[in-house]
Amino acid sequence: MVSASGRLLEGFRKWYYNAAGFNKLGLMRDDTLYENDDVKAALKRLPENAYNERLFRIKRALDLSMKQQILPEEQWVKYEEDKKYLEPYLKEVIRERLEREEWDKK
Amino acid sequence: INNSYHWPTKPIRHLCLMKLWISTTHLLSFLQTITGIFLAMHYSPDISLAFSSVVHITRDVQYGWLIRNMHANGASLFFMCIYLHIGRGIYYGSYLYKETWNTGITLLLLTMATAFVGYVLPWGQMSFWGATVITNLLSAIPYVGDTLVQWIWGGFSVDNATLTRFFTFHFLLPFTIMGLTMMHLLFLHETGSNNPTGLNSNTDKIPFHPYFSYKDLLGLILNTSLPTDPSHYSSLTYCETPTTLHQPTLYPPHHMLNQNDTSYSPMQSYDQSQTNQEEYSLYNSPFSYYFKYLPYMHQNNEQPQFRPLTQILFWSLIANLLVLNMNRSATSCKIHSSSSDQYPLFFYFSKFYQSLYLLQVHSKT
């Protein structure tokens, strides 16, 4: 029962990921995050190659969006291949900010 | 890198219809000011002269009919462009630029106020009763409501004092709007514009000329051709009480409940189905708070255009607004049955709470 509901949820997540549409522009989920202060700080901590790859994907997506086009299906980012590359750095930045705010309250 | 350095250049993806609305709005505001100044040269803000001065403008002044109709229809076109501009802002998450968004909300309220006081000036039946109904809404405020309404009226009913001060406000507010528009653009240039992907486009920009200069020229051509289209000056439908009846009666006739003014579209539908002012004011507050607090309800980093649930909510809101407008401009002259207006209105007001719920739940997925 538990595994069936888990498979169902995973299937819904996969469907939702494709319905969102950013994978058709060659973007990963972390590419679409709105750049607030936390995300900006996390981006500064990215390794150079990860940052350059992100810039390439963004530039390609902006160009496709301008031309009202999407990538061929074989180039769409798959749900299984999507890497949350920014998440560890973002969590670290948020943790540090909260800790700083706690200290400032004292 | 300071983002304001980039403002002379814009991302090429702005070359789409979305940006046409606001350049059209700017040109329309200029047209409204010019036509308004020419109207003010011949208009008299006195209850015994106002109506006949508008007739004089329409009949006797050289091209007065054109100036008057451009001003009246231009106001409707102005609001249509603004609603499209706001809809674009909601769909693509432009409300995340909080200062720009908040000045925009203030601009919307000022524009609605300007349109309202301007509608009173011809001093027709619609003018008088519209002024009476809308100003009476303030009486819903506890304790000071009635006093406030009489203070605004300048007397114990909508009369000459009200007309003269409304003329003053109608002349003054557009210049306030112009100043606030400059603030709106100033805040926008701090961040740079949004784009359909919601991505940071600082690495990929193009110069203003020739791309946007030519595109704004297109807006100018459309903007000057649409208000001069003679099909906009046809006689009113049989459902409307024309403003040509300038002797106000004691009570508003029932057939006046239908009108074709786009300024306050969903609210007027509600107005026709409710008689309780306190209820109306209470339910009206989520409408204004929805737009004002939209940036603060967005609790995660995800872009709304890549979230299917948010898209469904947005398009159901648009469909709901269209239903409300359809109910208002229906060809039947009968008084609207309460259910045909109240169900769409309930759905409309519940959007506020739906958004809160969806935005909070969605952030965890």
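This note comments on chain B of a predicted model, moving from the chain as a whole to the annotated spans and then to one residue.

1. In its secondary structure, chain B is made up of 13 helices and two strands. Of the contacts that join residues at least 6 apart in sequence, 78% are between residues at least 24 apart.

2. Chain B has 365 residues, and 46% of them are buried.

3. An unreviewed UniProt entry assigns the feature "transmembrane region" to residues 20–43, 70–91, 103–121, 127–145 and 166–187 of chain B. Two of these spans can be described from the coordinates of the model: residues 70–91 are 100% helix and 0% strand, with end C-alpha atoms that lie 31 Å apart, and residues 166–187 are likewise 100% helix and 0% strand, the end C-alpha atoms there being 31 Å apart.

4. In the model, B:Thr103 belongs to helix H4, which covers residues 98–120 of chain B. Is B:Thr103 buried or exposed? Its relative accessible area is 11%, and because buried means under 20%, B:Thr103 counts as buried.

5. As for the surroundings of B:Thr103, its side chain reaches the backbone oxygen of B:Glu99 at 3.0 Å. Leaving aside residues up to four places away in sequence, B:Thr103 touches B:Leu180, B:His184 and B:Phe187.

Conventions: Residues numbered from 1 in each chain as written. Chains lettered and ligands numbered in written order. Predicted model: local features only at pLDDT ≥ 70, side-chain atom pairs only at ≥ 80, totals over all residues. Heavy atoms only, no water. Helix = DSSP H or I, 4+ residues; strand = E, 2+ residues; numbered from the N terminus. Buried < 20%, exposed > 50% of the residue type's maximum accessible area, 1.4 Å probe, protein only. Contact = heavy atoms within 4.5 Å. Polar contact = N/O pair within 3.5 Å; in protein donor to acceptor, adjacent residues only side chain to side chain. UniProt positions renumbered as here; feature names shortened; annotations may be inferred.
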